[in-house]
Each structure stands twice: as C-alpha cells, then as structure tokens.
Amino acid sequence: MSSSFYHNAKIDKKWSIITILIVLLFGIPLLTILLKLFSGPGESWQHIKEYLLLDYLFNSLFLMVACSAFTLTLGVIPAWLVSAYSFPFRKLLQWLLILPLAFPNYLTAYAYAGLFDYSGIYEQMMFKIFGLNRISHVDVMGIWGLAWVMSFSLYPYVYLSARSFFTHQSQIQMNAAKVLGASRFKAFYSIALPLARPAVVGGLLLVVMEVLGDYGSAYYYGVSTYTTAIFRSWFSLEEPETAVYLSAQLCMFILFLIVIERGLRRKKKYQFNSEHTRGLIKNKPKAHLQIIFIIIIMIPILLGFILPLIQMVYWASLTFKVVWSSSLVTTVWSSFYLSMMTALISTFISLFLIYAAKWSRSNVIKRLSSLPILGYSVPGAVIAVGIMIPTLIFDKWLVNITQVYFNWSIEFLINGTLIGLIFAYTVRFLAVAYHPIEASIQKAGIRFDQAAQMMGVQKWKRMLQINIPLNKLGLITGFLLVFVDTMKELPLTLLLKPFGIMTLSVKAFEYASDERIAETAVPALFIIITGLIPIFFLHRMINK
Amino acid sequence: MTVLNIKGVTKSYKLDQKHVLSNFNFTLEKGEICAIIGESGAGKSTLLKLIAGLETSDSGTIVIDGKTVESASKFIAAENRGIGFVFQDFALFPHMSIKKNIGYGLSQFPDKTARVSEVLRMVGLESHGDRYPDELSGGEQQRIALARALAPHPKLLLLDEPFSNLDSELKSQIRNELFEIIKGTGVSCIFVTHDANDAISLANKIAVLDQGKVIQMGTSKELFDQPLTPAIARFFGGINIFSHEDFQRFKIELEKADFYGIRPEQIEYSLKPEKKSYSAIIIRETFHGLWRKYKVKLSNQIEVDMVVDAQVPIQGKEVFITLPPEHLLIFHKNERQGKV
C-alpha cells in the first residue's frame, strides 16, 4: 500500500480498508505457521527426524501418488463416457457419480473397515456361499486399503473437473481428428485427454489436498502421515513447537504443489472461442457396448456410495437405540449451528471481497482481495495450529489488560471458544463459497450493477436489490457447500473445539477410536444426508 | 451553456499500455445531440464510460454542468454524477417489473409513482408497467431502457450503440421515435454508433474518433461535404478515391492534394461525348432496388463506380462520364489522421 494509494481520490477508502483488514485477519494463521519455519522445532524433533520422519514422508507421498492414480481412473473414464456417448440412464448416472461427495473420507474408511471385518458383511456372505473353508480374507486396514478407500470418496473431484471440460469441449477438434482418420477411442486419448489435462490436474490437486489433510481415516487405519504426526506431537508428545514445525513443512509442500499446478495451467491454457465451442455430439454405441458402459460407470458409484451407505444403514439399524439420546440432539444442533454460522459468514465475506475487487479502481485491492481463499489449500490441522498460537497470545494480553486497567476478570475471547472455531472454519472454507459466487457473478456480468450505478444507487443498496437477487443460485450453492464441508470437517474441529461442545464429526471419530465403530453410523448418516442437499444444487449449477 | 467539458484526458489499459484516448478534448453544449463515430477500437465506448464514471482516466479533467467530476485530485463515483446511460444490451433488471426498473433510480423523488407513469406514457408503454423485461419485444425493451435512463431527469444522457440490438426494419422506426422523445426532453445527449444513418439523421453534431483522438467534428452536412479523410468520407457512403498520380490523368485543374474523391452519385454521364467527358466501358452492373451501380473503366485506364436511377438503365456498353469539379473532394495527408 503506497502513499499514492492513500491519496488517490479515485479509490473508495472504506471498502479498501475493510478488504485489507479481512486479508490481514485471514493471513494471520498462515503467516504464523510459515514464520515458525525459521524459529525451529522442539526437543522431540531430533527423535522424529531420526526414527519417524522417513515413514511420514513415505506414507504421505505414497498415499498422494496412489490416490491420484486411483481417482484418475475412477473419475476420468466415467466422465468421458457420460460426455461423449448417449445411452439409457445417462443423466441419472451422471448425477449418481457425484454422490460420494456426501461422504467425508473418514466415514467411507470406517464403512470399509466394517464391510471387510471378520464379522462384516463380506465375510458373512463368503461364509454363506463357501461355508467354513473361506476363500480369502481381504485386509483393508493398511496403506493400500487406505489409498483405495480414500479414492472411493475423492474421485468425484476429478470426475467433475474432467466432465465439465469434456462437456464444454469443442466438437471441432474431435471432427478434425475424425477427418484425419482417428477412431473415437483414438480421438479420446490423443485429443480430448491431453486437452483436458489442465482441468484434470486441477481436480487432482483437490484430491491431493484432501489426502494430505486427512486425519480420521489415516488414524483409524494405523497409517502415520504428516497430519497424524502433527496431532501426535501436539497431544502425545505435548510439544506444540514440533507440531507447528511439521505444519509449516506440510504447508510449504502444498504451496509448492499449487505453484506447479498454476504453472502447468499457464503453459497449457486451452481456451476455445465461444462461437466455435459446441459441446460434444453424443454417439449412440451398440447395445452391448451401452451395457458395458453402464457397468463401468456403476463401479465407482457402487464403491463410493452404495456399499458404504449399506454398511452405515446396517450399523445404524443395530445401534440406533443405544446412540439416540438427548445429548445426540444437542450434538446435531451444535453441528448445524456451527455450519450455519460458518456458511453465512463465508458467503457474506466472499460477496464482499468479490464486489470490493470489482468496484475498486486500485489494482492492489483487486489482487489482495482473492488472497483469503488460499486458506482452502491449507490442511485443517495446520490452520488450527496457526490459529491457536496467535489467539492464545491475544487472549492472554486481553485478559491482562482488562485485569490491570479495568479490574475485570474475563474469559478467553477467541482461543478455545466458538468464535475461534468459526473463524478457523471460515479461513479454511472461504474458497468453497467464493468460487461458485464468483462464477455466478462472472456469468451475470457487471452490466446490471453498472446500470443501477448510473441511476444514482449506492453500493449497499445495489448489493441488496440487484446483485444478491441476481446471483441467488450461486449464493445458495456457496452457502450450502460451506455448510456441508463444515459439518464434515474433522481435524480442525478436534483441535479447536471448545470444551463441552460436541459435533457430529467428532462424535463419529470418538466412537471409532473407542472401537465402537458401529455406533459411528447414526452421526455419520446425519452428515451424509445433509451432504446430499448441496450436491443437488451443485449438479444444477453445472448443468446450467 | 456548456454541459460537458473534457480536457486533456488520457486513458490506457494495463494490458498493452496503448493509449485508448490520448490528450482528449471535447465539449458539449446544452441541448446538443452528438454522435460519436469511429472504427472499433477507436475509444468510443471507453469515452462514454469515462464520462459516466464507470472507468477512471489516467490524467485530465472532466467537468459536467460546471462541476468537476474527475481530475487528479477528485473523483465522483458514477452513482453520484446524475447521468443517464442506455446500455448496448439495455441491461434491464430481469428480476424486476418494468415499473420497478424505471422507479429504481428515483428513490430521491417525492412522487415516484407519478414520475414512473409519466415516463411510461412518454415512451408509449403505459400498459406494460407490471410486465417483466423478458415479456417485452426488443423495441419495447429499448424504449423502457430509455425511459429508465430519463426518469431521474439526467443532465446528460449517454447511449452506447443504442440500436445495434434491433433488427434493421424495426430500427429506423424506433430510432426516430426515440430521438423525438429525447429532443422533447431537451436533455443533452451523446451516443456512440457505427451506423452512418443514425449519425446523420439524429445528431446535430458528429465527432469522429480515430486512435483516441477527435479527428473531425461538425454538423452532419459539414462532415458529408468536407470530410477530412477518405475514411470519414467512406463512413457516409461509397466514394471513389484517386491517388495524386491517378488524378493527374483526368487533367482537371484543382488544388494540389494527396488524394481526391468523388461519390458515385455525383458522377454525371451521357451516351454521347460531351465537353470534358471521358469515354468509359461498363465492366460490371449490379442492381440495388432503387438504383443501379456500374463499374466502368475509363479510357485513361482508371476504374470508377457510378450510380444511376434503376428505372433508366444505361443501354449499350459505352458511356461518357464527367467529374463535376464542384463535387470533387480533396484530402491532405496529415499527422492528425491515423488511417487514410
């Protein structure tokens, strides 16, 4: 912010200052973490480095690579089939394919642990069919199992970005390949797929961020990763410095991945002239191929949604009476309340930042305003650690000051309170609201806002009467996506949840940790059913 | 009285650093209707946005109705400038009824409902107040967009390519209706157009923009009779342009210039040789309804276009043409002119 910025008459200072304040506030956790890189780790670091670090590194990288490969297979193939061919139930399948998004990956992991358990549905079926001489026991509880199971719930990220690219892909390129003698299959792998690469890599990046940020699944499957190590240093070794140091390393690694992805995208930017962009013409394959396609598409749906859902419903039927109590109602309410507040605040801040950028005449503000969405790329546990440290300092200072000057004794304001938790959620999920709202505003264009401006209407009134009503669908989508993501969130909640507050995700985690895995089903089903609502909106928005 | 005074305004976009407008000067008097013409990329729409306050200039001053709205130390936002703007695609709010659309800018008005009815009556759509924009035809939407812009009694009305979204049959009818309304209100008005008919028939002043500068400004008659460049001449209709060397072959005594021109309608012809006429062979004939256009090759090897009444086509292959010196246009190369 140069002095010319402050003296520039053409800049709206009120909006600019609020934007800068938001950016600073959202930057605190990330900066806290990154600065810790320089101040060094705690005492146990030496031990971790010698005996454990290699394990963390290997496991995290393995999961990253394996999940990328699995989600690529599970996501891209169905995306191509539903975009390029016409067959019965195509539209229904297209939407069923995104349903696994309703499952947080730790719930899918619990469900699979149960499915393949010695007393699980799979073993029972095998016993019924083959009797005592069981064919084989499938052990999912390991790193390979974990990679597969996480991929079942994460492939929709790849599927969605690939499908969105394929449906908007120009038929012209495909026609050009065809007249040059390429079969439809050849055109797929030589033209469509390479062109889709930047979009698919964008989806993969989301997968990788989820994998690296996961705590619930890895902990239950007994796989030590960077994120489990952060928890371990914090809780078992009681060494926050080391937790922060590990967080900083993880954070750097993810930022590095983002930079690479951006670079790849910049290099390979395939933009089609809208006039020539006609969606792909859908071929109708022969009847037997149609059946094969439907079967191929059913595989990820079955693995990612139907099987885990069956397991959860089965468990819920067994444990419902035990789990259902007044305290569960309170838990449901806390989860709803937290998600609602986070979603409202995130939607509001996103809207503010987007219009502050649009209305600002300063390039500095335009650039700054999109910085807060970086929080989405930082794992929940890392954000939690990054918020805990500065808020503790702030709260202690505040308690001190009020004690000394006013002789009041107050409680902590942010650290370990609902305010702190909601702030952390907002830092983490702002981007989830920001993107659909921005897309909607981009689509509607700025002309209605300008028309209102020319009629002498001030900013807030324009926002309420023109911009909010016109971008309703985008705002609702953004709101719901944050709502569900907050509901599903586990590692951040575990670290920052105020004493005495329980959420559905933490409840499920606690049951699983107590080896009462069947009991996870009731809170899990609440999360999953809530998660289905925004998927419907998301689907509508993509199809528009 | 001067309604708009633009002094030394420069504007460039970050991307290419090229000046869209450079050291731009312009004034508009009260009640004047000015058309801004020029090729695409000449800076026409940017000019309107700068006046409106939807964009900011890099330097220069804009004064509206005696009040500085933009200078190095001052910027009045678009919403506080009191300017009416009709957007190219109308930008009617799709979620509001016509009445609400028009009343939207009238929150300061004591009797909002009466003013809405008044402007609706003015554009002849009293019965459409409760409808929504998507229920109206293109022409009706256009009229509502104008009504909405005029409702708050703006000091200045800006229209960005107001007729480009209408089909040509509708266009001439609506064009005249709209400008009758605008003239009736007495508001000063600037409109951007790429259609010569719009400019000639509606504006009492035309400004030609080229590469961010006004290269000629005047009444439509002045611009038609004395265009400064061949490009301006071409904007108002077909023209034959001759280079200095080619023109020498006509052996007409005229002021020395870089280019000469004559409109096809102003070339005279006869079937027999006359004094100072040139024999010519018809090489192509095209029919245009009310008139016919001929391309002829003169004995001095120069090809020209000429136009005759469609009812009296030229019989035979040979004609004799004369170029009346009073209709000949002369053009000088000038630094101020970008393209010739």
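Which residues are exposed on the other side of α19(A)? Hold that thought. First, a caution: this is a predicted model.

Start with the buried residues. Helix α19 of chain A covers residues 459–470, and its buried residues are Arg462(A), Ile466(A), Asn467(A) and Leu470(A). Look down the axis of α19(A): these residues fall within an arc of 80 degrees, so they line one face of the helix. Now the answer. On the other side of α19(A), the exposed residues are Trp460(A), Leu464(A) and Ile468(A).

What do the buried residues of α19(A) pack against? Three helices of chain A: α14 (326–359), α17 (418–444) and α18 (447–454).

Next, the contact between the chains. Chain A gives 17 residues to it, and chain B gives 21. On the side of chain A that touches chain B, α18 and α19 of chain A each supply at least two residues. The largest share of that side comes from α18(A), with seven residues. Sort the side of chain A by class, and you get 10 nonpolar, four polar and three charged residues.

Last stop: a helix pair in chain A. Helix α5 (residues 105–115) packs on helix α7 (residues 143–168) at an angle of about 125 degrees, and their axes are 9 Å apart. The crossing of α5(A) past α7(A) is right-handed.

Who meets whom? From α5(A) come Asn105(A), Thr108(A), Ala109(A) and Tyr112(A). They meet residues of α7(A) including Leu146(A), Met150(A) and Phe152(A). In this contact of α5(A) with α7(A), seven residues are nonpolar, three are polar and none is charged.

Notes. Residues numbered from 1 in each chain as written. Chains lettered and ligands numbered in written order. Predicted model: local features only at pLDDT ≥ 70, side-chain atom pairs only at ≥ 80, totals over all residues. Buried ≥ 20, exposed ≤ 12 C-beta atoms within 10 Å, placed from the backbone. Helix = DSSP H or I, 4+ residues; strand = E, 2+ residues; numbered from the N terminus. Arc of directions from axis to C-beta. Contact = placed C-beta atoms within 7 Å. Nonpolar A, V, L, I, M, F, W, Y, C, P; charged D, E, K, R; others polar. Axes fitted to C-alpha atoms, helices over the stretch in contact; angles between N-to-C directions. Left-handed = near helix turned anticlockwise from the far one by under 90°.
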